[in-house]
Amino acid sequence: TDPSTAPWRENALRRGYRSAIALPLKGDRAHVFGVLLIYSTEINAFTSDEIRLLEELSGDLAFGIMVLRNREARKESERNIALLGFALDNVREGAFLIDEQARFQYVNKEGVRTLGYGRDELLALGVADVDPDFPEERWHEHWAELKNRRALTFEGRHKARDGRIFPVEISANYLEYDGQGYNLALVRDITGRKRMEDALFFVAQRGWQPGAESFFDALAQYLGET
């Protein structure tokens, strides 16, 4: 007799149903993600006491489903994190995840190797501890520019644990997660490239022209001097 059941009445009667109850399955923040439907061949089959018990049942069922979903979601997240960590640990660039306060939140194996720190040591440090060109007062300006442009590529210097300073190329990438901003910086040691650039400049200063036989002699002289 309920007008809201009109679209299903004919099929329900054909199957012998005379009453039904629909119980919402609720997740976080009372969000309804499903409905438990129970049909009966009896008219007015569900008493107030039965309705109360079925409501408790639907609540337990919803809780169990959410637990299973969250468990699967956690497993999937753990797999994704493990895959990302594996990928970053097998690239040739140092990878640094840096927060807005210029603190390291993650560093891969290559970053650890090039700087000579242990991973736990680096996670206790910040950008200013390994980059002499980025004291704290400059970081805020850099962060604002990175946030505005989303990506920056530039050359700089890094300072290893033993005090050695070497040239690097930095690709900084701004991203946001869970309302927080981060910089994923990919860093490449360009000592070899800089050495070759200096060698070519030295040779050019000696008046070498392409094709001249003295090129390798001049280059060997530079390398021998340095």
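Author: Before we start, one cut-off: a surface patch takes in residues with over 30% relative accessible area and no salt bridge, and nonpolar side chains are joined within 5 Å. The model here is predicted.

Reader: Thanks! What makes the nonpolar surface patch of about 370 Å²?

Author: Val32, Val35, Leu37 and Tyr39 make it. Tyrosine 39 belongs to strand β2, residues 32-40.

Reader: Why is tyrosine 39 called partly exposed?

Author: Its relative accessibility is 42%. Buried means under 20% and exposed over 50%, with partly exposed in between, so at 42% tyrosine 39 counts as partly exposed.

Reader: How do you know that strands β5 and β6 pair?

Author: Pairing takes at least two bridges. Nine bridges join β5 (residues 151-159) to β6 (residues 165-177), therefore the two strands pair, and they run antiparallel. Threonine 153 stands opposite serine 171 in β6.

Reader: And what makes β6 and β7 a pair?

Author: The cut-off is again at least two bridges. β6 and β7 (residues 180-189) have ten, in the antiparallel sense. Glutamate 169 stands opposite arginine 188 in β7. The hairpin of β6 and β7 has two residues between the strands, and aspartate 178 in the turn shows a positive phi of about 55°.

Reader: Which residues of the largest nonpolar core touch the most other members?

Author: Happy to list them: Phe96, Ile98, Phe104, Leu115, Leu122, Val127 and Trp139, out of 25 residues in that core. β6 gives the most to this core, with five residues.

Terms used
Residues are numbered from 1 along each chain as its sequence is written. This is a predicted model: local features need pLDDT of at least 70, side-chain atom pairs count only at pLDDT 80 or more; totals for chains, interfaces and linings use all residues. Side-chain values use heavy atoms; hydrogens and water are left out. Patches are made of residues with over 30% relative accessible area and no salt bridge: like charges are joined within 9 Å, nonpolar side chains (Val, Leu, Ile, Met, Phe, Trp, Tyr) within 5 Å. Accessible areas come from the Shrake-Rupley method with a 1.4 Å probe; for residues, only the protein chains shown count as cover. A salt bridge is a side-chain nitrogen of Lys or Arg within 4 Å of a carboxyl oxygen of Asp or Glu. Helices (H or I, at least four residues) and strands (E, at least two) are DSSP runs, numbered from the N terminus. Buried means under 20% relative accessible area, exposed over 50%, partly exposed in between (1.4 Å probe, protein chains only). A nonpolar core is a set of buried Ala, Val, Leu, Ile, Met, Phe, Trp, Tyr and Cys residues joined through side-chain atoms within 4.5 Å.
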